[in-house]
Amino acid sequence: MELRVLNYFLAIAREENFTKAARQLHVTQPTLSRQIADLERELGVKLFIRSNHNIVLTEEGMILKRRAQEILTLADRTKQDFLQKDQNLSGTISIGSGEFRSTEYLAEIIAAFRKEHPGVKYEIYSGNAGNIRDYIERGLLDIGLMSEPVDMRRYNFINMPIREQWGVFVPEHSPLSEKKSITPEDLSGMSIVTATGDFNQSRIGKWLGNFRQQVEIAATANLPYNEAVLAKENIGVMIGIDLNCAYEGLRFIPLNPVLEVSTVLGWKKDQIFSAATSSFIDFAEKYMESVSDKKI
């Protein structure tokens with residue numbers, strides 16, 4: 001399976017048309033059709049369902065599309081890593097980040113590092129801890145800003161100095177808006193909007209305890225802004241982390257008992273990094289040490 005043929009396959013999947021894809025790739029349509037036929041024979045599956053007007057991916061084709069994108073991304077990153085020169089640091093660092101207040105420290109580290117190495121670029125991927133760990137394991141991310149706990153057997157990490165506080169975002173006209181804190185009992189019988197994932201095993205599910213079965217999950221989302229929009233329309237109260245920002249029409253109220261979480265900037269142990277990523281990790285460790293020293 002050649003990278004060139006995977007590029008051909010992705011172009012066809014994107015254009016949903018062999019003629020358009022061939023034109024974009026600057027190859028003849030017979031050449032393109034032959035390459036895809038060879039790929040289908042190699043894999044032993046049909047990748048496309050053809051019609052008179054367009055083509056659609058088969059189930060196997062959708063699997064290959066996802067894998068091909070990952071393979072080509074890794075191949076490109078590998079090429080860029082070898083093209084770097086230590087004396088003039090360059091390249092791209094891929095960083096996953098949850099939605100936290102500690103993201104401000106990550107931004108500070110990037111800004112300070114850029115002053116010394118302006119040739120380095122950054123790809124920031126937003127996701128939850130599970131997504132980020134999965135992408136690190138698959139080599140699609142170098143580093144991740146994640147909530148604890150973190151498997152110390154698999155990851156090295158830097159502790160971030162902020163405790164992230166959980167609470168409820170409620171509409172200003174809600175009866176809950178006058179409360180100073182929200183207890184599990186306060187949410188009994190209510191609809192909630194929360195993060196995507198296994199609710200029963202989540203921090204909020206465990207915090208609710210015996211009241212877990214007495215709330216309705218009206219909607220889930222993987223970005224706080226989307227949750228806030230739903231909460232504003234009274235679909236349910238939003239449960240999330242205080243990001244030190246305001247959502248118009250909503251008020252943040254902390255949980256009682258208090259629910260807080262720590263975050264870390266982590267990377268896989270024994271991973272071989274590019275010069276840019278290795279330098280960034282060393283820089284981040286020293287930067288956060290200086291921040292800790294100032295707090296003492």
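K115 sits in helix α5, where helices (DSSP runs of H or I, at least four residues) and strands (runs of E, at least two) are numbered from the N terminus. With a relative accessible area of 76%, K115 counts as exposed; the cut-offs are under 20% for buried, over 50% for exposed and in between for partly exposed, with a 1.4 Å probe and protein chains only. The C-alpha atoms of K115 and N156 are 25 Å apart, and 41 residues separate the two along the chain. The model is a predicted one, so local features need pLDDT of at least 70 and side-chain atom pairs pLDDT 80 or more, while totals for chains, interfaces and linings use all residues. Residues are numbered from 1 along each chain as its sequence is written, and side-chain values use heavy atoms, with hydrogens and water left out.

Now for the overall picture. The protein has 9 helices and 11 strands, and its C-alpha atoms fill a box of roughly 70 × 55 × 35 Å along the principal axes. Of its 296 residues, 41% are buried.

Helix α5 (residues 103-116) turns up again between two strands. Strands β3 (residues 91-97) and β4 (residues 120-126) pair in the parallel sense over 7 bridges, pairing here needing at least two DSSP bridges between the strands. The chain runs from β3 through α5 to β4, and this β-α-β crossover is right-handed, a label that applies if, with the strands pointing away from the viewer, the path from the first strand over the helix to the second runs clockwise. S97 has S126 in β4 as its bridge partner.

On to the aromatic rings. Rings of Phe, Tyr and Trp (its six-membered ring) pair if their centres lie within 6.5 Å, and planes under 30 degrees apart are stacked, over 60 edge-to-face and the rest tilted. The count by this rule is 9 aromatic pairs. One of them is the edge-to-face pair of F18 and F48, with 6.0 Å from centre to centre and 70° between the planes. This pair links distant parts of the chain, as F18 is in helix α2 (residues 18-25) and F48 in strand β1 (residues 48-50), 30 residues apart. F18 is buried at 9% relative accessible area, and F48 is buried too, at 4%. F283 and Y287, in contrast, are stacked, at 6.3 Å and 25°. Both lie in helix α9 (residues 275-295), 4 residues or about one turn apart. F283 and Y287 also belong to one aromatic cluster with F113, Y122 and F280.

Charged side chains come next. The structure holds 11 salt bridges, each a side-chain nitrogen of Lys or Arg within 4 Å of a carboxyl oxygen of Asp or Glu. In one, the closest N and O atoms of D38 and R41 are 2.2 Å apart; because these residues are 3 apart in helix α3, about one helical turn separates them. E70 and R138 form another, at 1.8 Å, and join helix α4 (residues 59-83) to the loop between α6 (129-137) and β5 (143-147), 68 residues apart. E70 is buried at 18%, whereas R138 is partly exposed at 32%. K268 and E137 also meet, at 3.1 Å from N to O. K268 lies in strand β11 (residues 260-268) and E137 in helix α6, so the pair ties together parts 131 residues apart in sequence. Finally, E40, K46 and R50 are linked in a network of salt bridges.
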